[in-house]
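Keep the viewer open as you read.

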Amino acid sequence: MPAPIRLRELIRTIRTARTQAEEREMIQKECAAIRSSFREEDNTYRCRNVAKLLYMHMLGYPAHFGQLECLKLIASQKFTDKRIGYLGAMLLLDERQDVHLLMTNCIKNDLNHSTQYVQGLALCTLGCMGSSEMCRDLAGEVEKLLKTSNSYLRKKAALCAVHVIRKVPELMEMFLPATKNLLSEKNHGVLHTSVVLLTEMCERSPDMLAHFRKNEKLVPQLVRILKNLIMSGYSPEHDVSGISDPFLQVRILRLLRILGRSDDESSEAMNDILAQVATNTETSKNVGNAILYETVLTIMDIKSESGLRVLAINILGRFLLNNDKNIRYVALTSLLKTVQTDHNAVQRHRSTIVDCLKDLDVSIKRRAMELSFALVNGNNIRGMMKELLYFLDSCDPEFKADCASGVFLAAEKYAPSKRWHIDTIMRVLTTAGSYVRDDSVPNLIQLITNSVEMHAYTVQRLYKALLDDISQQPLVQVASWCIGEYGDLLVSGQCEEEEPIQVTEDEVLDVLEGLLVSNLSSPVTRGYSLTAIMKLSTRFSSVNRIKKVVSIYGSSIDVELQQRAVEYNALFKKYDHMSLTERRPALLERMPIMEKSATNGPTEIVQTNGETEHSVEPKHPPPVTQPGNQANDLLDLLGGNDVVPVIQTTVPTKLASAGGELLDLLGDLSLGGGPTPAVAAGVPTSQPSFLLDGISSPPLFNDVTAGIPPMTAYNKNGLKIDFTFERANPNPNIAVITIHASNSTEADMTDFVFQAAVPKTFQLQLLSPSSNVVPALNQGTVTQVIRVLNPQKQQLRMRIKLTYNLKGSPVQDLAEVNNFPPQSWQ
């Protein structure tokens, strides 16, 4: 059989192929020749054939038929054969294939070989694709090589030990004695791999972390190495852009971050060296920026001094001025993580952050926008909103929804005056009305309703906005509602905030009728407009014209619009013989001021098909069905049989149908043989009497909490639950607890559900939450009211269950709250 072609010739031949089909033909022809050679057990050219096979594997062609040939090469005594054999094993084998176990004995023999390069090949292969079984069998040999004096083998053994620990964490203690002298090595390769090994051990085992902190005194050793690196002169062997071994510096900084986290003594020991690194590192090259970034992360993660934290934030501020987009993005992301803990230091760089809103890169724009909203407070609200509204005017459509939502939250939290608040919301609706959240319309309507002195000003501004643009549907809906409520103020020209405009009744009706026939109006908007026209029948004298308009839509193809028109026509016909000052005006009078008790959104606006309108009678949710097959689920949830479960009075969103569904979980369940607890659903008459106490005679709660301090019930994974307390006026045995859920992570927590249960000596009702989305970066809170009847004045205990989705992943957690302040239950 002729000698096969060399690897170089194969590469040259394949590169001459002009088409994919021609290349495939060459590969298939060569693979056939290689298979024939393997069948004939040709030992002479086995190494050459496997090398060619690996090249074809790198091109994406199948090469699995060469796996056993790799094992034969590994068993060879030639170093050249072993080198190709081990390389083939790393590329063609993994732990999912049983054939890899056949090489365990060869690796063991090669780990004890007299040649360091053969030992190095075996260590590399084990560290690359060793399975848990192989790691258990060969961990002893790796540990021996970790103690050897040969630097070449020690660095490879350290990396192999990292792989062994990842595969079999219980073998970690085997390598503990070998780590004692690793950091005293002068060789940078050994130092680097040793730091990687120590980092892996500290991250995987809290016991190891405590051991290295206290017993091994690891921090002083790392500080000494890092100091030598930054103070040493030029070393051509380790120099990268004028910095001595930046890779080792970064690894040491990461390990210091782990050691100093939540540890005062370790943090104190590394404060000085971190300050030296931060001030002595050159920033003109990307290498220096990488070290500075790791230094900043370490400073922010340990219990560092306040001056050092300010220095770290100033470094990030300098990053914002860098021409490299990646560095600017990293700086914005890091500042966003630290803004909650070091707000004032980040505020100093506000102007630079706002300038990033004008960047051409969309990723930088988004991070700058999120950070800008996090910087908003009561002192800078006017200036920041001016910049953010300018950004809203000019930004891409993908930013408008998030920006509008952020402006709404910030304005609600920090508005200096009601007029400014209304003007800001109207500016958003005018600029990006089509992108705002669904709850923006009812929220603005509630704001306008409660601002009695601003009614004339608001309706005049909204009327002008309607004349300019009717394409922004949320703006048109709010304007229609306001004209229906306060149209008489618009016509009378009573505005004192700005120069009043002269408008006639017919002009107002022309505008509303135009909305009804406009192609730009959605069905919901037409419903708003028709209702507004109907309301004006008690405020304007043009009743006949209004009757005519309403009657026309009694035959509309839009069922919702038709139903409204028919009902409004019935009002005209049924009470037409009565005085206009009697029944119909009473039904169409102005909406009262909407109370906003313990929620972030309007609680008395009934929303039907997207429209907030005037429900004559309160609507209760339908009774909750109570399946009785979920007893085990609740026992698992609460871990006992002496608790009374309570569910929310209304469900804010449609819950999933999985086994964890709230209604299925808690419905119709009797625990410990006691009576079945009542399930709260609205405030039905079947509720215990304490739930109805005080509802008919306001105020329901004391306005001032009588010395009951608030408390933090839960603080984990970025979710914080605070409790505040009040007393119900009619019944002092009722404690009213308001939960405030905030989210410090970078992403919104969606589908948020809070559940609670108390012992049977208590009775508990959980009212509906203000929202099921907890906004990111503490930009808003979700509130919910809990009412607890404690007739025996016993110490209050509560178990809570929290479920939500974060970045697409479901999260569930249980907690027990026993540290209620005595004033809340005595």
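Start where two helices meet: Leu-274, Val-277 and Ala-278 in α14 touch Ile-291, Leu-292, Thr-295, Thr-298 and Ile-299 in α15. Contact here means heavy atoms within 4.5 Å. Sorted by type, the residues of this contact are six nonpolar, two polar and no charged; Ala, Val, Leu, Ile, Met, Phe, Trp, Tyr, Cys and Pro count as nonpolar, Asp, Glu, Lys and Arg as charged, and the others, Gly among them, as polar.

A word on the source: this is a predicted model, with local features needing pLDDT of at least 70 and side-chain atom pairs counting only at pLDDT 80 or more, while totals for chains, interfaces and linings use all residues. Residues are numbered from 1 along each chain as its sequence is written, and side-chain values use heavy atoms, with hydrogens and water left out.

Back to our helix pair. Two packed helices are described by the angle between their axes and the distance between the axes. For α14 (residues 264-280) and α15 (residues 286-301), the angle is about 150° and the axes are 10 Å apart. The axes are lines fitted to C-alpha atoms, for helices over the stretch in contact, and angles run from 0 to 180 degrees between N-to-C directions. The crossing of α14 past α15 is left-handed, meaning that the near helix is turned anticlockwise from the far one by less than a right angle (clockwise would be right-handed).

Now zoom out. The protein has 34 helices and 13 strands, where helices (H or I, at least four residues) and strands (E, at least two) are DSSP runs numbered from the N terminus. Of its 826 residues, 51% are buried. Buried means under 20% relative accessible area, exposed over 50%, and partly exposed in between (1.4 Å probe, protein chains only). Take the contacts between residues at least 6 apart in sequence: 69% of them join residues at least 24 apart.

What does helix α4 pack against? Its buried residues sit against α2 (20-39), α3 (46-58), α5 (79-92) and α6 (104-111). Those buried residues are Gln-67, Glu-69, Cys-70, Leu-71, Leu-73 and Ile-74. Pick out Glu-69, which lies in α4 (residues 67-75). Glu-69 counts as buried because its relative accessibility is 6%. Leaving out residues up to four places away in sequence, Glu-69 touches Phe-38, Arg-46 and Val-50. Elsewhere, the charged end of Arg-35 sits over the ring of Phe-65, 3.9 Å from its centre. For that label, NZ of Lys or CZ of Arg has to be within 6 Å of the ring centre and within 35 degrees of the ring normal.

Next, look at Cys-403, in helix α22 (residues 397-414). With 0% relative accessibility, Cys-403 is buried. Not counting residues up to four places away in sequence, Cys-403 touches Met-369, Phe-373, Leu-388, Phe-391 and Leu-392. Its C-alpha is 9.3 Å from that of Ala-432, 29 residues apart along the chain.

Phe-391 brings us to the rings. The structure holds six aromatic pairs; rings of Phe, Tyr and Trp (its six-membered ring) pair if their centres lie within 6.5 Å, and planes under 30 degrees apart count as stacked, over 60 as edge-to-face and the rest as tilted. Phe-391 and Phe-399 have ring centres 6.0 Å apart and planes at 65°, so they are edge-to-face. Phe-391 is buried at 4% relative accessible area, and Phe-399 is buried at 0%. Trp-481 and Tyr-486 also pair edge-to-face, 6.2 Å centre to centre with 75° between the planes, and both are buried. Ring pairs also link Phe-723, Phe-725 and Phe-820 into a cluster.

Finally, a backbone point. Most residues other than glycine have a negative phi, and most peptide bonds are trans. Ser-241 is not a glycine, yet its phi is positive at about 55°. Ser-241 lies in the loop between β1 (239-240) and β2 (243-244), and is partly exposed at 41% relative accessible area. Asp-751, also not a glycine, has a positive phi of about 50°. Asp-751 is in strand β9 (residues 749-759) and is partly exposed, with 39% relative accessibility.
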